[in-house]
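Trainee: Could we go through this model together, one question at a time, with the criteria stated as we go?

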Number of protein chains: 2
Amino acid sequence: MPRKDIYHECVKIALEKDGWEVTNDPLQVIVDETTLYIDLGIEPVYFAEKDSELIAVEIKSFRLQSSITSMYEALGKFCIYKTALRLSESSYKLFLAVPESVYETFFQRRLIQEVIKEYKVNYLVYDIQTTEITKWIRH
Amino acid sequence: MPRKDIYHECVKIALEKDGWEVTNDPLQVIVDETTLYIDLGIEPVYFAEKDSELIAVEIKSFRLQSSITSMYEALGKFCIYKTALRLSESSYKLFLAVPESVYETFFQRRLIQEVIKEYKVNYLVYDIQTTEITKWIRH
């Protein structure tokens, strides 16, 4: 299994505060001979109060080298995981978890905004200071 | 500029043997504040004998960690570079360069075949023993 991101625990706590239960840590997805591990599988604690969807979350700190280098890996994972979830007939909807500081700067660039739109990248924004989810953005 | 892939020179030689001239090493693409470097920009030596298209090549050895880890980065780069070429109104068509041994094994997996189809990944296959391009695959 891959090494956990440094903000793994922070995002777990933030999701729990946001009304989600972490059911898989990690979420395993198998397509024939390939086994993938998405960081978290979550579901709403109270089905009546939220949409009853299942969500898979891949956590990114964007602290490796440059932001664009981190984005290559983040987008590659997002695309491959999305295809793998479809092939394995999973009902999980995939989101990237992105730190607030990255959302406010790097994610505002035109290139990144276009990439997010073109590849329909769903993402949630987490604040490492308050340990809270501040945004959910769906495409 | 990013570090060159270990097969950089091998792919350059193979492309020259295949009738291409390397005009950019690397090929710089600028979108507002973001500058990207695709490994090579090439064009046919004899326009009359080949299509007169311009091609951008990103070289991958797939020798880093596992093949799937290499594929995350390769696909992320391919998708982001493609968006960047479109935004900068470039006429370069983008290809990944993939070693024969990876093409014959990892690239035959169902998940990878589906990912290539879904994200329309053009790629060429190079043989490191003979220093030749063995396949061009377009989507």
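Trainee: Which residue of chain B does the side chain of A:Arg110 meet in a salt bridge?

Mentor: This is a predicted model, in which local features need pLDDT of at least 70, side-chain atom pairs count only at pLDDT 80 or more, and totals for chains, interfaces and linings use all residues, while side-chain values use heavy atoms, with hydrogens and water left out. Residues are numbered from 1 along each chain as its sequence is written, and chains are lettered from A and ligands numbered from 1 in the order in which they are written. A salt bridge here is a side-chain nitrogen of Lys or Arg within 4 Å of a carboxyl oxygen of Asp or Glu. At 3.1 Å, N to O, the partner of A:Arg110 is B:Asp32.

Trainee: How many salt bridges does the rule find across the interface of chain B and chain A?

Mentor: Side chains of opposite charge can pair when their charged atoms come close. Over all chains the count by this rule comes to 22 salt bridges, and across the interface of chain B and chain A the rule finds six.

Trainee: What area is buried between chain B and chain A?

Mentor: In this interface 27 residues of chain B are in contact (heavy atoms within 4.5 Å) with 27 residues of chain A. Buried area is the accessible area (1.4 Å probe) that two parts lose on being put together, summed over both. Carbon and sulfur atoms give 65% of a total of about 2700 Å².

Trainee: Which residues of chain B lose the most area to chain A?

Mentor: Together the residues in question account for 26% of what the side of chain B buries, and they are B:Tyr72, B:Ile80 and B:Leu111.
The side of chain B that touches chain A draws its largest share, 15 residues, from α2(B), where helices (H or I, at least four residues) and strands (E, at least two) are DSSP runs, numbered from the N terminus. To return to the names asked for, the residues are B:Tyr72, B:Ile80 and B:Leu111.

Trainee: At what angle do helix α2 of chain A and helix α2 of chain B pack?

Mentor: Axes are lines fitted to C-alpha atoms, for helices over the stretch in contact, and angles run from 0 to 180 degrees between N-to-C directions. Both helices span residues 67-87, and their axes are 7 Å apart. Angles of 65 to 115 degrees count as roughly perpendicular, under 35 as roughly parallel, over 145 as roughly antiparallel and the rest as oblique, and α2(A) and α2(B) are therefore roughly perpendicular to each other. The angle is about 105°.

Trainee: Which residue does A:Asp25 join through a cis peptide bond?

Mentor: The omega of this bond is about 5°.

Trainee: With which residue does the side chain of A:Asp25 meet in a salt bridge?

Mentor: The N to O distance is 2.9 Å. A:Asp25 lies in the loop between β1 and β2 and its partner in helix α1 (residues 8-17) of chain A, so the pair ties together parts that are 13 residues apart in sequence. The partner is A:Lys12.
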